[in-house]
Amino acid sequence: MNSRPTLVRDLLVLLAFAGWALALPHYGSEFMVSMALTCLMYVALSSSWGLFCGSTRYMSLATSAFFGVGAYTSAVFLGQLSWVESIALGAALSAVVAVLMGLAVLHLRGTYFAVLTFGMTELIMYAVIYFEKRYSGTVGRVLTVVPENDVIYLTVLLLAMLAVLLSILLRRSRFGLALMGIGADEQRAQTLGVNTRLIKTAGFALTAAFGGAVGAAMAVRWTYIDPHTVFNPFIGFQTVLIALIGGAVTLWGPLIAAIVFSVLAETLRLQFPQIYMMSLGLLLILCVLYLPGGLASLRGSTFTGWWQDSRQWWRQLGRKEHKNG
Amino acid sequence: MAEVFLEARDITVRFGGLTAVDAVSATFHAGELVGIIGPNGAGKTTFFNAISGVIAPTSGQLVAGGRSLAGRPPHHYAAAGVARTFQTPRVFADMTVAANIDFGLKFAGRKRAGAWHLRDEQSILELIGLAQLAGRPAAAITPSQQRVLEIGMALATRPRMLLLDEVAAGLTEAEVHDMAQLITRMRDELDLTVVWIEHAVSTLLRYVERVIVLHQGRKIADGTPQEVVRNAEVIEAYLGDEMEEAAA
């Protein structure tokens, strides 16, 4: 799995994907480009989420918090700072928030961790609302200095590629191994010499930095933001869903699922607006039941397995009917 | 006597109102093979957890290799050269046998030069006798092989002291013999301090040089196997006073 040929293959696939995404604005319709942008945003969010949460199995619902912090950073500073600087600042501030949050909740596991990260997201959102009302005297903010659409697209593309590239490289590093060890058996990893607190905090901050950078880049697309849109918990849920549907521990899962999910969601929304959410829910249930390893774990044998299972089921059904009749 | 590697002074561990380990002091010398025995619930594993950093002692001091360690997280113990195994093997099931060994080498074992037998993944696999299974996932080997792998993982941290928690439990007579040989070999060739907990007393007494007996969280005896089996308090702890009644 960590051999050189796989590394070369992964890098080539990433390069090909980047080339395709780069070429898209030149031939695609405006609708396609805007969909591709959403897609890339979720590639960046889900891949970076998988980096930490996938391998350590700490399920964070705080992506919206980091996204929102990034969005507000560019809303406040984009006038004074350059585009690149405000995105870097968004990433840095989110990482700081993650370190503080991590110190408070990273010793908890499972449901407790998930619920607390969600709670903290709400806390941050209401803190921002309070601050804005009390001191800035506004509900939302209007972004006046807005870069070209091409710049936004390229930035988000770059962030998405960076997230996948980092996933590829981290898998081969000590840091990545430590994260895997924490996911497999945290205490055992500790007794073998891993400073788990440090590794977890660093990993969480890394994930958060991506959330912040993506938030800072995407905020300008809305031109008007308020806390309820940029701290929308749905952003966090969707990130987790995509990572889980794709396979959170796999490298390509989040990327594949981000594409499948975005295309599917758009199609369903346009074609069958009534059953849009219902069918997404159904899809998630089916994925969890029949594809626990995610889309990336799909192989030819998975399909033959399903085929055999269903044939067996039919045969049993037939036998029962026979007995009864 | 050789130098002292680990010294535990008045280690006490309390869980709520229950005192699992009550002011136990013990000294472990470099290159020594020590056994810890005691009836069920005597506090053996809790004492082990306390001297390997897995749980922080409620009070007491711990000095290993010159460093004061009580209350620090487990990776500090690993860095000081204290390695351990767990009663139920806790191998990384999804990784291969070789990757399990590699883990310790990449973390606590990284900054230390190991003995010849601990120079790399391959040499450790050969020492513990799992070289043929290197490429297999750890979940796919037998439980007794996983026990051995646990020891290999601990050795990969290139420790000076090895804490073995019931490594012979559930093994066949032949496997116990192999395990004991491996343990003696590690002590002799790697110059390790080995502390071995076992529930089956007779197995353990055959191989160790010194025995510490715990009973209801307290240390009731500390000496050679010959001394300990004649100790009245130990006999009572294990057999109750039926022994005396029978003698009278």
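Modeller: What follows concerns an open sheet in chain B and the chain around it. This is a predicted model, in which local features need pLDDT of at least 70 and side-chain atom pairs count only at pLDDT 80 or more, while totals for chains, interfaces and linings use all residues. Residues are numbered from 1 along each chain as its sequence is written, and chains are lettered from A and ligands numbered from 1 in the order in which they are written.

Chain B contains 10 helices and 10 strands; these are DSSP runs numbered from the N terminus, helices being H or I of at least four residues and strands E of at least two. Four of the strands form the open sheet, in the order β2-β1-β4-β5, with antiparallel pairing; two strands pair if DSSP finds at least two bridges between them. At the edges of the sheet in chain B stand β2 (18–29) and β5 (67–68), each with a single partner strand, so one side of each is left without a neighbour in the sheet. Helix α1 (residues 44–51) of chain B packs on this sheet and touches β1, β2 and β4 (59–64) of chain B, contact meaning that C-beta atoms, placed from the backbone, lie within 7 Å. The direction of this helix makes about 120° with that of β1(B); axes are lines fitted to C-alpha atoms, for helices over the stretch in contact, and angles run from 0 to 180 degrees between N-to-C directions.

Strand β1 (residues 4–15) of chain B is joined to β2(B) by eight bridges, and the two run antiparallel. Within this pairing, B:L6 has B:F28 of β2(B) as its bridge partner.

Technical notes
Contact = placed C-beta atoms within 7 Å.
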